[in-house]
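Let's go through it in a few quick questions and answers.

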Amino acid sequence: MTHRELFHRASRLALALILCLSFSLGTMALAQGTDGTYTASAQGNNGPVTVSVVVSQGEIAQVDVTSHSETAVISDPAIERIPAAIVAGQTLAVDTVSGATNTSNAILSAAELCLTQAGFDIAALKSPLPSEAPTGQTITMEADLAVVGAGGAGMIGAIQTAQLGGTAIIIEKTAAVGGNTAASGGNYAAVDPERQQPQGIEDSVEMHIEQVYTEGDSLAKKELVATMCENALDGLHWLEDLGVEWNDTVFQVIGSLWPRTHSNIESSGAYLVQVLKDNVDALNIPILFETTATQLILEDGRVVGVRASGADGNTYEVYGKKGVLLATGGFGANLEMCRELSEKITDNTQTLCVASAQGDGLAMAEAAGAHLIDLEKIQMLPTSLTTLPATNNSVLYLNQEGQRFVREDGRRDKMSMSVLDQTGGYCYILNDQAVVDQDGSQEKADAMIASGDVMKFDTLEEMAQALDMPLENLQKTVEDYNKLVAGEIEDEFGRTLAELPLGKAPYYVSCKQYPMVLYTCGGVEIDTHARALDENGQPVPGLFAAGEVTGGVHGNNRLGSHALADLTVFARIAATTAMGE
């Protein structure tokens, strides 16, 4: 199966996953309920979503989402719009919000439970309402740079364009900004002497380049690696100038292999995305939400614009006088495509990527003459988002036999493959009260215990019994780890981060952790000017790319906290190159 066939199949899946919100203002007179206030919960993307419904004079008077743990920014449109649609239409026949399908379904399910309690005729509430026919117009727009995708790379490229005196228009197929950037931890890797030296951390740009290149199995384009590492600190400062506040402490996130990770004050990608969105708004950069790019427009061999389909039924043609920036992200949510490309992705593999990461941007680029590379290089994370709250400095990865089996501060891909080799293809993650205290994560730990994602035990004996794990193995594993922390032994797996001993009860254990798709390292081949290249290594005129839609930057393995540095550096370069041309 060719890449393009995979992408076309991906687009069909995307249409099923990412629907546009539409509702009518009509009223369903047959749906009547008993007055009162009703509450119910349903499972969302990250946990339970609780909804409150007020029924007055037999009608749905108010619907509110009262609590949730969904990702900010991504879930906001669903939380704002679906309750309003239920009330306005007196109906449950409301389509999910594009890009927030799981949150949308949770709100609708919880609302249905509430309305069932109130005695409504649920079948009547679910009857489809008539909707307005689409207008079917073709709307033409023009700016210096047409940007496809309102994730981190797209917004950064648009902001940089505006700062250089140009104009930009962003096309976004979902109802919210952010993409995978919003769902990330918001970490950023950069050599930063001002912050590292007071901590006694020795580092250099040359060392950074060599680590990224070597730990990607020397399969990246080294000139791209050098461009990212040499410009990472400037990108960090640029984000700082936009309003992003970074913590002073630099650390080593899982899979980063060196302490050069910067976290923002909220340890959140959603926080960073909100800062970017605030700047986009302040610069009056328009975003066409729920507008799906379908084709790059070529004239005389040059990419001059983007054709897109809007949720309003209109076709949009957005022209870029200086070019088009492709910032559509990767294809990590398209598990069918991932399985076709990599044998390590099985039928049981799930994804950590947002639903919109389907690879449709790659199909458009390929159709316009761009060369795609490294598509088979799909990175997995050895854990899910439901792991216990802690850094990797003082946690143990345990198999079903109660034994360590991998270097916990090693490469993500090697850790993932090691987990798959264990009994059942899963692992547990263990820490104790001392780690939770150090991280200040008690509130989050308690919430995860309540949701069933984390287990809490007063003794190792209780843990071994509950998990059907050999107690003698578990005890020896903890004893040996504590000797490692004390410097009495060297680690057989090569671990270098072992900060706190384990032994302060209670113990916290994650639920079973299965490796999940985290990032796709392949995509559009680019040069150091962020220009898309054809199969002969020549620039495709007018086409630029940045972020996870590109390939060649990371090789076989992306180091932790480098995605944000990558997209920031190359999105800024893309805008600068385009404006220079």
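This is a predicted model: local features need pLDDT of at least 70, side-chain atom pairs count only at pLDDT 80 or more; totals for chains, interfaces and linings use all residues.

Q: In which sense do strand 12 and strand 19 pair?
A: Strand 19 covers residues 516-520, and two bridges link it to strand 12. The sense of the pairing is parallel.

Q: Which strands sit at the edges of the open sheet of three strands?
A: The strand order here reads 12-19-14, and the pairing is mixed. An edge strand pairs on one side only.

Q: What angle does the direction of helix 13 make with that of strand 14?
A: Helix 13 spans residues 412-420 and packs on the sheet. It touches strand 14 and strand 19. Against the direction of strand 14, the angle is about 65 degrees.

Q: How many disulfides are there?
A: To count, two cysteine sulfur atoms must lie within 2.5 Å. For cysteine 427, the nearest cysteine sulfur belongs to cysteine 511, 9.9 Å away. Cysteine 521 is in no disulfide either, with the sulfur of cysteine 353 its nearest at 11 Å. The count of disulfides is zero.

Q: Is cysteine 427 buried or exposed?
A: The cut-off for buried is under 20% relative accessible area. Cysteine 427 has a relative accessible area of 0%, so the label is buried.

Q: What is the relative accessible area of cysteine 521?
A: Cysteine 521 counts as buried, so its value has to be under 20%. The relative accessible area of cysteine 521 is 1%.

Note on methods: Residues are numbered from 1 along each chain as its sequence is written. Side-chain values use heavy atoms; hydrogens and water are left out. Two strands pair if DSSP finds at least two bridges between them. Helices (H or I, at least four residues) and strands (E, at least two) are DSSP runs, numbered from the N terminus. Contact means heavy atoms within 4.5 Å. Axes are lines fitted to C-alpha atoms, for helices over the stretch in contact, and angles run from 0 to 180 degrees between N-to-C directions. Buried means under 20% relative accessible area, exposed over 50%, partly exposed in between (1.4 Å probe, protein chains only).
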